[in-house]
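Dear colleague,

I am handing over the structure below, and after it you will find an account of what came out of going through it. Please read the two side by side.

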Amino acid sequence: MKTRRDFIKISALGLGGVAAVAGMSKMMTGQKVVDEFLKLSQEGKSFLKRYPTYCEVCFWKCAGWTYVDDAGKIVKIIGNDDDPHCNGRLCPRGTGGIGMYYDEDRLKKPLIRVEGSEGQTFKEASWDEALDYVAKKMKEIAQKHGPESIALFNHGSPGHHFGHLLKAFGSSNIVAPSYAQCRGPREVGFEMTFGVGVGAPEPTDIRDTRCLVLIGSHIGENMHNGQVQEMSDAIDRGATIITVDPRFSTAASKSKFWLPIKPATDMALLLAWMHVLIYENLYDRDYISKYADGFDELKEHVRPFTPEWAYGITTLSPDLIRQTAREMAAASPSVIIHPGRHVTWYGDDSQRSRAIAILNALLGSWGRRGGFYFKRAQNVPEYPTEEYPKPAWSWKDTHNGKYPLARLSVANLLIDATIPSPDNTHEIYGWIVAGTNLPLTMPDKQKLKKAFEALELLVVVDTMPMEITGYADVVLPESTYLERYDDLRNETHREAFVALRAPAVEPMYESKPAWWIARELGIKLGLGRYFPWKDYSEVLDWQLKQIGSSLEEMMEIGVKKFPNPAPLYIEDGHEPTFPTPTGKIELYSHELEHYGFDPLPVYTAHPEPPEGFYRLIYGRAPMHTFSRTANNPNLVDLMKENALWVNPRVASLWNLKNGQYVKLKNQDGVETRFATKVRITERIRWDSVYIVHGFGHHEKGLTRAYGRGASDSELITNVQIDPLMGGTGMRGNFVTFVIDNIKTEVES
Ligand SMILES: Nc1nc2c(c(=O)[nH]1)N[C@H]1C(S)=C(S)[C@@H](COP(=O)(O)OP(=O)(O)OC[C@H]3O[C@@H](n4cnc5c(=O)[nH]c(N)nc54)[C@H](O)[C@@H]3O)O[C@H]1N2
Ligand SMILES: Nc1nc2c(c(=O)[nH]1)N[C@H]1C(S)=C(S)[C@@H](COP(=O)(O)OP(=O)(O)OC[C@H]3O[C@@H](n4cnc5c(=O)[nH]c(N)nc54)[C@H](O)[C@@H]3O)O[C@H]1N2
Ligand code: SF4
Ligand SMILES: [Mo]
């Protein structure tokens, strides 16, 4: 029989590598194997060495150890026991991170686009040649249009190194798709309510919660490690899980209540829950009267939003809505309405996130044990260099006064600023792209194509030949995270700590770490004074010494905790401050009102699929991260392509068979390039189909991923922009099936 623990595929350490190398009993846990090795090693009989790292397979950044044998071969990555992000256990992707290093499809040398006999092609170049080319072009563009007209698109660790370079060059147009394509709206929703955003990792106190409400958040498939572990423990402790999802997700299967909501109607449910909490007097009255502003207005506002009203919109029974609201109230304040992470769904996402924030306020969960804790962090000073020049304009100026609540730059708007248009007040002419695969990440491919065509320079720093590298003028191969130093990880958590990433092996091929590439390019641009060190280890050692550690110490321990007496919860004596205009939790938002937005969240009906079409929804698989792992040899073994979830009613209407390959066509007539396998299941509503994001690669350099599965990104041509912060709502697209003449074998 399956136990509840099974659902968490975060292994207590997979065994593969080390056990095989050692020829040891597979009965041992990974940790035991490693301990055994260490013992042998200390006795001089074995050969494994370990190096501290933190994982780059996703952005949870679990700290771990890379084990290398005496032939210099990486044999295993395991979690660091002292790391609160992972508690010594990596997820399947983290364990499989080794495949990023060994992938023979990796980028091996710098490449420059040239005109060949059959059109444009890449030629291999030396680092000197490639960086000279980039520096020359950057200078030319800066001379013509100003340094601000070069933008950096980044995600993950390389970003900080190139961000430093770009700021030294004179541009602050630095953008990551993790804002306007991911969590931006929830940051705005929470900031407008509590005065601060959620941030990452989320300070959700799942460890101690009595009730966790997941609205679309599919933890368990969304494999953010610490959260998954805490949720698993919470389930074992008997905490109630309530999952709102049109799909019977893994989380739903572990829940006391599954609310199979009609997609795009969550706002109605949230308003009805507020109604029940207020009109049944279930909210935290002391907390609200002490800390909140605007309760009377909220009470009046939600008066009409009864569960019966919401039933007509969400298809959820009024009883279920009441029952779940009462369950939350019974657990209050140890209850979490999870803010979610990828929340760019329908264009009114900041307001939906605000409704979630308001519900948390009504339940008194912000700043409470089992709700949201107050974060701790260790401040790490930046290595001192000359002050950056002040740019003449920044990403904010490209918005022309729109999206006033965007706190970080908005990738889609910098793309707009790259496409020639008389509406543009500020223009972008060059991009450096480091660690983001824009063609699979950004919705609206037409826009992206236009931007690619207009660019005077596109430099891509990546580890793999991805779709984005195909559009580059210059491709710069970065070493994988196992081969390089990077910045210290000093994220927030219940404790303050830092983690080190150090190289376990020399970089393969001619790849180089981002810090090296940025520094060399900086020197060629005449910005050497911003890089007054030879090796990044000097920067790290200096930083660590400022906080009472050293590189030497961190090489031994990997993760260091620092005492931080700040209380985690209100009940521990922390009097919270809310940096909002009223200094209180704003149930009624004066700031939103000031900008002309709804001060209280309002339900808006979103378009419905036309006849014969189904809403396209998407999510994660536990063994893959976006598009970045689809070629990873270890992870391909676990899942090689995505499948299309189809309800049996729909399957029978279309005469679809399980395992049959189909293509998808959207409301604008756009068809997926490749076919995907039908999976007929009751676990999805009949009005929607579901697919895992990150497949359907069309870059042939990805020999394992090319042509495998369908890409949701290709179908997202209708984008609903969030008027508050510019986020791209991506779930308003509808698809139908293309059944005839489907080729399943992709030509090589
Ligand atoms: N259709 C659709 N679009 C989405 C999403 C979705 O679910 N569906 N999700 C959205 C969300 S939540 C997010 S956060 C974004 C994520 O979007 P991205 O961050 O763009 O994610 P990936 O597609 O994994 O692209 C990562 C790129 O970084 C490269 N890379 C990996 N490691 C390294 C490294 O160490 N150094 C360098 N230089 N490069 C490296 C990979 O090879 C790959 O090209 O996408 C958003 N877009
Ligand atoms: N394994 C793995 N884990 C990851 C990642 C990864 O690539 N791989 N990426 C990480 C990142 S950057 C992010 S942002 C997170 C994203 O993960 P989450 O924030 O947890 O999830 P979302 O992508 O917003 O939503 C996916 C879920 O929403 C449901 N859904 C679709 N439409 C609706 C709707 O209208 N209402 C409701 N209530 N539900 C709906 C889908 O059925 C699906 O279960 O995952 C993180 N964790
Ligand atoms: S959750 Fe998994 S993939 Fe993400 S950082 Fe941790 S081990 Fe790596
Ligand atoms: Mo994300």
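A polar contact, as the term is used here, is a pair of N or O atoms within 3.5 Å. Please keep in mind throughout that this is a predicted model.

By that cut-off, a backbone N or O atom of His624 makes a polar contact with a nitrogen atom of ligand 2, at 2.6 Å. Oxygen atoms of ligand 2 take part as well: one lies 3.0 Å from a polar backbone atom of Gly216, and one lies 3.2 Å from an N or O atom in the side chain of Arg731. On its own ligand 2 exposes 920 Å², and the protein buries 99% of that area. The shell around ligand 2 holds 31 residues, of which Asp245, Asp266, His342, Tyr346 and His624 come nearest, and it divides into 15 nonpolar, eight polar and eight charged residues. At least three residues of this shell come from each of domain 1 (201-375 + 569-594) and domain 2 (614-738).

Turning to ligand 1, 29 residues surround it, with His155, Thr441, Asp462, Glu478 and Ser627 the closest. A polar side-chain atom of Ser627 is 2.5 Å from an oxygen atom of ligand 1, while an N or O atom in the side chain of Glu478 is 2.7 Å from a nitrogen atom of the ligand; from the backbone, an N or O atom of Gly435 lies 3.3 Å from an oxygen atom of ligand 1.

Just after helix 15, Gly364 takes a positive phi of about 65°. The loop between helix 15 and helix 16 (411-416) also holds Gly370, which counts as buried because its relative accessible area is 0%. The C-alpha atoms of Gly370 and Arg207 are 6.9 Å apart, although 163 residues separate the two along the chain.

Terms used. Residues are numbered from 1 along each chain as its sequence is written. Chains are lettered from A and ligands numbered from 1 in the order in which they are written. This is a predicted model: local features need pLDDT of at least 70, side-chain atom pairs count only at pLDDT 80 or more; totals for chains, interfaces and linings use all residues. Side-chain values use heavy atoms; hydrogens and water are left out. Helices (H or I, at least four residues) and strands (E, at least two) are DSSP runs, numbered from the N terminus. A residue is near a molecule or strand if one of its heavy atoms lies within 4 Å of it. A polar contact is a pair of N or O atoms within 3.5 Å; within protein, one must be able to donate a hydrogen and the other to accept it, and residues adjacent in sequence count only if both atoms are side-chain atoms. Accessible areas come from the Shrake-Rupley method with a 1.4 Å probe; for residues, only the protein chains shown count as cover. Ala, Val, Leu, Ile, Met, Phe, Trp, Tyr, Cys and Pro count as nonpolar, Asp, Glu, Lys and Arg as charged, and the others, Gly among them, as polar. Domain bounds come from an automatic or database domain assignment. Buried means under 20% relative accessible area, exposed over 50%, partly exposed in between (1.4 Å probe, protein chains only).
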